[in-house]
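Reader: I am new to this and would like to learn how to read a structure step by step. Could you walk me through it?

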Amino acid sequence: MGRAYQNRKESMAKTADQKTKVYSKYAREIYVSAKSGGTDPSGNLALRGLIERAKKDQVPAHVIEKAIDKAKGSGGEDFSVARYEGFGPGNCMVIIECLTDNPNRTFGDVRHCFTKTKCKIGTQGSVSHMFDHCAILAFKGSDEEAILEALMSADVDVTDIENENDMITVFTPHTEYAKAKQALVENLGEIDFEVDTIQFLAQTTTVISDEDQPMFERFLDLLNDLDDVQNVYHNVE
């Protein structure tokens, strides 16, 4: 399973080749997390993880602070999660995660990316059943048995655990994210997570033809140019 996931930092680099777009995506996600789960990172593990990832991706402190300060206000923007799925070039499967304040606009923009590349947007559930919604936590370590025992003792539902080149990678259902991270921190102390994210992982992968490759790359570029798009997941090898 481990080789199927992409490091958040790498996917963000592909998602936006301009730093300002990366900053914007993080700022929006931090704002939503702080607004829904609290502005104190010590009590909001999702927010804490986001801030740590943002710093690793060299997002300036003032961008992070501004997003959190904005969430402390009583008003502000009303962003909601929107998820779309369908079939891309070469009949690959695609899931697009968005944060939007106007679902009708976002749906129209995403659908346009599909139609412009002669692809088909699907209904909810059309491809997501072929993906696992996972929390992924990776950090330096070697004793996977001790880590597994610590997670099991905390009643964490562990999907998989890998140890490769002194890097432990823990996979759990996305609903176990906070519990898993808390158990790891309590048992190991402060951890510098190489990967700390929730993603959709394809259960199977596909290889698209050389003929479809340029259209696939254009499809991704069109999606990633949309401000509302946060993440794009696919099953292309």
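Predicted model: local features only at pLDDT ≥ 70, side-chain atom pairs only at ≥ 80, totals over all residues.

Reader: Which residues is Lys181 in contact with, leaving aside its neighbours within four places in sequence?

Author: Those contacts are Leu45, Arg48, Gly49, Glu52, Leu137, Phe193 and Asp196.

Reader: Now for pairs of helices. At what angle do α3 and α7 pack?

Author: The angle is about 70°, and the two axes are 10 Å apart. Angles of 65 to 115 degrees count as roughly perpendicular, and α3 and α7 are therefore roughly perpendicular to each other. On the α3 side, the contact is made by Leu45, Ala46, Arg48, Gly49 and Glu52. On the α7 side, Tyr177, Ala178, Lys181 and Gln182 take part.

Reader: What about Ala183: is it buried or exposed?

Author: Ala183 is also placed in helix α7. With a relative accessible area of 4%, Ala183 is buried. Beyond residues up to four places away in sequence, Ala183 touches Leu151, Ala154 and Val156.

Reader: Which residues of α4 are buried?

Author: Here is the general idea to start from. An α-helix has 3.6 residues a turn, so residues three or four places apart point the same way. In α4, the buried residues are Val63, Ile64, Ala67, Ile68 and Ala71. They cover an arc of only 130° around the axis, which means that they sit on the same side of α4. Their cover includes α2 (19-37) and α3 (45-56). The face turned away from that buried side carries the exposed residues His62, Lys66 and Lys72.

Reader: Next, the nonpolar core. Which residues of the largest one touch the most other members?

Author: A nonpolar core is read as a group of buried residues whose side chains join up. The largest one here has 20 residues, and Ile96, Cys98, Val110, Phe114 and Leu223 touch the most other members. The elements giving two or more residues to this core are β1 (80-87), β2 (93-100), α5 (103-116), α8 (213-224) and β8 (229-234). Of these, α8 gives the most, with four residues. Apart from this core lies another, of 19 residues, among them Ile30, Val32, Leu47 and Ala54.

Reader: What is Phe114 in contact with, beyond its neighbours within four places in sequence?

Author: Phe114 is in contact with Glu85, Gly86, Phe87, Ile96, Cys119, Lys120, Ile121 and Phe219. You can read the pair from the other end too: Ile121, in strand β3 (residues 120-121), has Phe114 among its contacts, along with Tyr84, Glu85, Gly86, Phe107, Val110 and Arg111.

Reader: One last try. Where does Thr106 lie?

Author: Thr106 lies in helix α5. At 1% relative accessibility, Thr106 counts as buried. Not counting residues up to four places away in sequence, Thr106 touches Tyr84, Cys98, Thr100 and Asp228.

Notes
Residues numbered from 1 in each chain as written. Heavy atoms only, no water. Core = buried A, V, L, I, M, F, W, Y, C linked by side-chain atoms within 4.5 Å. Buried < 20%, exposed > 50% of the residue type's maximum accessible area, 1.4 Å probe, protein only. Contact = heavy atoms within 4.5 Å. Arc of directions from axis to C-beta. Axes fitted to C-alpha atoms, helices over the stretch in contact; angles between N-to-C directions. Parallel < 35°, antiparallel > 145°, perpendicular 65-115°, else oblique.
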